[in-house]
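Q: I'm new to this structure and would like to learn how to read it. Could you walk me through it, one feature at a time?

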Amino acid sequence: MSRIVRFHRYGGPEVLHIEEAELPLPGRGEIRIKVKALGLNRAEALLRQGSYIETPSLPSGLGLEAAGVVESIGAGVGGFSLGDAVSVIPPQSMARWPAYGELATFPAELVVKHPPSFGWADAAALWMPYLTAYGALIDIAGIQPGDFVAITAASSSVGLAAIQIANHLGARPIAITRRSAKRQALLDHGAGDVIAAEEEDVETRLRAIAGPKAVRVVFDAIGGPLFVPLTAAMARGGLLIEYGGLSSEPTPFPLFTVLSKSLTLRGYLVHEITGDPARLDAAKTFILDGVRIGALRPAIARTFAFDDIVEAHRFLESNQQFGKVVVTV
Ligand SMILES: NC(=O)c1ccc[n+]([C@@H]2O[C@H](COP(=O)([O-])OP(=O)(O)OC[C@H]3O[C@@H](n4cnc5c(N)ncnc54)[C@H](OP(=O)(O)O)[C@@H]3O)[C@@H](O)[C@H]2O)c1
């Protein structure tokens with residue numbers, strides 16, 4: 001028997017329950033891991049609320065990121081041994097491959113032997129933030145040294161990964177956060193400049209920071225009214241990559257700005273990368289190399305015990321965090 005987290009109805013964090021379940025042995029091409037740590041994502045809160053891009057049948061498990069040791073290996077899987085330390089690339093369906101449990105099963109191609117120097121928390125906090133930021137900034141935007149890159153929801157795990165990746169490439173990350181409380185932490189984390197969107201004029205600050213070069217790439221998880229100052233400060237031919245919808249307000253379409261500067265506004269899911277073996281391989285190499293040389297290092301906001309999964313979700317949705325919320329199992 002294994003303890004797993006499930007929900008039987010949509011709702012707030014309180015709908016999450018730890019239950020005993022008999023998990024089947026891993027099937028062909030699968031690996032089961034004894035989970036040591038989970039990385040929490042906004043996507044899991046959305047699935048729990050019934051407002052995610054995936055609609056599960058209930059009751060459902062959840063969870064996209066885990067690290068642990070290989071506990072059982074299905075038929076047809078090579079290259080792994082029992083006891084290997086591994087972490088997991090987020091699967092496309094978390095209802096099909098839920099991570100929240102003492103044991104969790106994943107397709108072998110999504111299981112990565114993680115760097116030996118990594119702790120369990122860091123390993124569980126690696127793949128979603130860095131794959132998401134890598135796919136947008138490098139694979140799609142092809143950021144270059146000196147490019148100004150505006151990053152919203154900057155203190156999210158993805159935002160912080162994007163700041164590190166931009167710096168690693170010699171680009172100039174501008175962190176946009178709601179209020180100034182996280183300003184110093186963002187500067188300490190490598191942001192070239194920080195804009196507090198609820199306290200400052202975002203367009204004026206972006207123009208002042210980027211000068212005549214202007215902002216070539218915007219990496220936005222929010223949408224809503226912020227779209228207007230973001231696009232107004234972009235360079236001719238600039239690219240806005242939309243990867244989330246944190247704002248509860250409607251998103252205006254800045255028609256004349258888009259027209260006059262030939263802007264590209266592009267939606268993006270990390271599945272573009274994780275669903276393409278060649279692009280995923282390139283991403284994994286970049287990320288593991290960056291970790292090895294110390295250029296990429298997950299920021300852990302706070303760690304909770306598995307029994308406190310409800311509290312961990314409450315904290316995730318409080319938006320107080322700076323980086324990844326982790327649960328140890
Ligand atoms: N497209 C994809 O494939 C993909 C992959 C991964 C994640 N995502 C999305 O990326 C975003 C970040 O995810 P995460 O799990 O790393 O972090 P998270 O814990 O959801 O991010 C929390 C941070 O987002 C900012 N934020 C929250 N609500 C906001 C609002 N209403 N308006 C403006 N800012 C708000 C706050 O940052 P400040 O305190 O700095 O303002 C907050 O600390 C989410 O929208 C998630 O759905 C998308």
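A: Happy to! Keep in mind that this is a predicted model. Let's begin with burial: a residue counts as buried when its relative accessible area is under 20%. Here 56% of the chain's 329 residues count as buried.

Q: How many helices and strands does the chain have?

A: There are 11 helices and 15 strands in the chain. Its radius of gyration is 20 Å, close to the 20 Å that the globule rule gives for 329 residues, so the chain is as compact as a globular protein of that length. Along the principal axes, the C-alpha atoms fill a box of roughly 60 × 40 × 35 Å.

Q: What do the contacts tell me about residues at least 24 apart?

A: Take the contacts between residues at least 6 apart in sequence: 69% of them join residues at least 24 apart.

Q: Where is Ala 214 found, and is it buried or exposed?

A: Look in the loop between α6 (202-210) and β11 (215-220) for Ala 214. The cut-off for buried is under 20%, and Ala 214 has 16% relative accessibility, so it counts as buried. Its phi is near 60°, a positive value in a residue other than glycine.

Q: Which loop holds Ser 262?

A: Ser 262 sits in the loop between α8 (255-261) and β13 (264-267). Although not a glycine, Ser 262 has a positive phi of about 50°.

Q: And what about the peptide bond from Leu 58 to Pro 59: is it cis or trans?

A: That bond is cis, with omega near -5°. Pro 59 belongs to the loop between α1 (42-49) and β4 (65-73).

Conventions
Residues numbered from 1 in each chain as written. Predicted model: local features only at pLDDT ≥ 70, side-chain atom pairs only at ≥ 80, totals over all residues. Heavy atoms only, no water. Helix = DSSP H or I, 4+ residues; strand = E, 2+ residues; numbered from the N terminus. Rg over C-alpha atoms; globule rule 2.2 N^0.38 Å. Buried < 20%, exposed > 50% of the residue type's maximum accessible area, 1.4 Å probe, protein only. Contact = heavy atoms within 4.5 Å.
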